[in-house]
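Dear colleague,

Please find the structure below for your records. My notes on what was found in it follow.

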Amino acid sequence: MKVILRNPRREIVIDGRRRVHALLAELDLTREGHLVIRNGTLVPGDAELDRDDVIEIRPVISGGA
Amino acid sequence: MKCRTCREPAIIDLPRHNANFCAEHFLQLCRRQVAKAIHDHEMFTASDRILVAVSGGKDSLAVWDLLVDLGYRADGLYIALGIGEYSDESRGYAERFAAERGLVLNVVSLREEYGYDVPTAAKATGRVPCSACGMSKRHLFDKAALDGGYDVVVTGHNLDDEAAVLFGNALRWDVEYLARQLPVLPARHGFPRKVKPLIRLTEREMAAWCVVRGIDYIIEECPMAVGNRHLGYKEALNALEEKSPGTKASYYLGFLDRMAPLLAELAATGADSVRPCARCGAATGVADEHAVDGEIVCAFCRLVERSAAHAPVSVDLVRKKSRAERRATMEVEAR
């Protein structure tokens, strides 16, 4: 699957299927700090992502206060 | 995963609620949390004129959207900070959001109206960029609210923001800041009322609100904020949250419930010690020992004088590279 990462924007390819929480763990990303979006729709932690999916992992932490 | 409310497929899991929600019931949860914050802290009423501090990021656009959705009258104010392409893009998101919904967005440009921008102010004053930025925004939001006859200024500070600030203040035991870290700062002596309706919602929930509602916002992090202490506090709190969901809410909302009342007397001190700035007339708490040629001059006017006299400074001269950027560079170099 193609995975789009942000800050800075870049793309990586992951072989095989994954559940969302497993993909985040593999990329060393926290669930609390990210949303996972498939084709413009949010997906929860147990959703299974297919080989052909395009996934955006969007960070949600911003630095201003 | 099924929605806790309707058993339809969920789109988001919220471990702190030990629940999952579909889009409709997630939005309902967010509306209820904002309505509760407004009600419990008596932030404003339906007849108040509201000015929303808008950055083009998820939190400010989400809070503006939520207030309008809940039936409040709210205009926006965007401050063009002059942080290179980041500011140009964020302004575009704010303007498109307002235009698509027929909302009023006022714009103030630091460079055009005051002769400086944030990178230049950071260099000219020796402040960290976030400090120069925050001071500029506070002054200009106060001014716009008072000049425009607004009853209240709304900011998009969320639960993560407040928990991180609380964490930093507690690490330093800065009791004066702790005493003032409240969701409502009452109007006083030349300052408008300021409120934070998102204190019961996390950053992740606000980003999700924007995705579900189809709100485009600037996703990229402000280049000036990279590596700041506040981000480090958020990462630390999120590490705790992963292991123990609900930690951030119990920490900050517990502070409001049980600790802030003990600091109320301290929060009230200093409220009467403000005077008008000799240059702009705004209320300021500047002490006599910081007078300029015998005059009381507010911190904003002093910042403007130093920054506007300085040659413009580019973003790249004052920014740090993020860990993710360094990692991305390493990934590219390794290929």
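Two strands are taken to pair if DSSP finds at least two bridges between them. Helices (H or I, at least four residues) and strands (E, at least two) are DSSP runs, numbered from the N terminus. The model is a predicted one: local features need pLDDT of at least 70, side-chain atom pairs count only at pLDDT 80 or more, and totals for chains, interfaces and linings use all residues. Residues are numbered from 1 along each chain as its sequence is written, while chains are lettered from A and ligands numbered from 1 in the order in which they are written.

**Sheet of chain B**

In chain B, 6 strands make up an open sheet with mixed pairing, ordered S5-S4-S3-S6-S8-S7. Strand S5 (105–109) and strand S7 (184–185) of chain B each have a single partner strand and stand at the edges, so one side of each lacks a neighbour in the sheet. S5(B) pairs with strand S4 (residues 74–80) of chain B in the parallel sense, over 5 bridges. Within S5(B), B:Ser109 is the bridge partner of B:Ala80.

Two helices pack on this sheet; contact between two residues requires C-beta atoms, placed from the backbone, within 7 Å. Helix H2 (residues 58–69) of chain B touches strand S3 (50–54), S4 and strand S6 (152–154) of chain B, and its direction makes about 155° with that of S3(B). Helix H3 (residues 84–101) of chain B touches S3, S4 and S5 of chain B, and its direction makes about 165° with that of S4(B). Axes are lines fitted to C-alpha atoms, for helices over the stretch in contact, and angles run from 0 to 180 degrees between N-to-C directions.

**Chain A**

Chain A contains 1 helix and 7 strands, in the sequence pattern β-β-β-α-β-β-β-β. Its C-alpha trace spans about 40 × 25 × 20 Å along the principal axes. Of the contacts in chain A with a separation of 6 or more, 59% join residues 24 or more positions apart.

**Contact between the chains**

Chain A gives 23 residues to the contact and chain B gives 33. On the side of chain A that touches chain B, strand S4 (34–38) and strand S5 (41–42) of chain A are the elements that give two or more residues. That side has 9 nonpolar, 8 polar and 6 charged residues (Ala, Val, Leu, Ile, Met, Phe, Trp, Tyr, Cys and Pro count as nonpolar, Asp, Glu, Lys and Arg as charged, and the others, Gly among them, as polar).

Yours sincerely
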